[in-house]
Amino acid sequence: NAQLEVIVEQMKALQERAREIIEQASRDVDLIHAECRFRRVPGRVYHLYERPDGHRFFSMLSPDEQAGGGPSGYVASFRYEHDESWTRLDEVDARDRRRAEIQGFVSNRLLKD
């Protein structure tokens, strides 16, 4: 029974992670379709705005950098990743830590083999 409980807990954790991945992929698709009148460069931060009609667009300028107040409708800021995904600015540190942990794990495994 204890082993089955462990497996059930692992399954629940995997289901939750799968749900998070699906949500992130859906958000990334939405962001890829937002208007962008410049070439996106991986590693740079872009700022998403939404017009009253629901049209979303990216700007290189944050709300604080906009001259004359700039457009209203600021949604959030995102870093464009090398894999063409997007990371909310407030989640960048956690993503970078996770990536470093994975790279460290892989490097350690390669050195041991």
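Colleague: Which side chains does a polar contact of 2.5 Å join?

Modeller: The side chains of H47 and S77. A polar contact is a pair of N or O atoms within 3.5 Å; within protein, one must be able to donate a hydrogen and the other to accept it, and residues adjacent in sequence count only if both atoms are side-chain atoms. This is a predicted model, in which local features need pLDDT of at least 70, side-chain atom pairs count only at pLDDT 80 or more, and totals for chains, interfaces and linings use all residues. Residues are numbered from 1 along each chain as its sequence is written, and side-chain values use heavy atoms, with hydrogens and water left out.

Colleague: Is H47 buried or exposed?

Modeller: H47 counts as buried because its relative accessibility is 8% (buried means under 20% relative accessible area, exposed over 50%, partly exposed in between, with a 1.4 Å probe and protein chains only).

Colleague: What does H47 touch?

Modeller: Leaving aside residues up to four places away in sequence, its contacts (heavy atoms within 4.5 Å) include F57, F58, Y74 and S77.

Colleague: Now the sheet: in what order do the strands come?

Modeller: The order is 2-1-3-4, in an open sheet of four strands with antiparallel pairing. Strands (E, at least two residues) are DSSP runs numbered from the N terminus, as are helices (H or I, at least four); two strands pair if DSSP finds at least two bridges between them.

Colleague: Which are the edge strands?

Modeller: Strand 2 (56-59) and strand 4 (86-88), each pairing on one side only.

Colleague: And how many bridges join strand 1 to strand 2?

Modeller: Four. H47 lies in strand 1, and L48 has F58 of strand 2 as its bridge partner.
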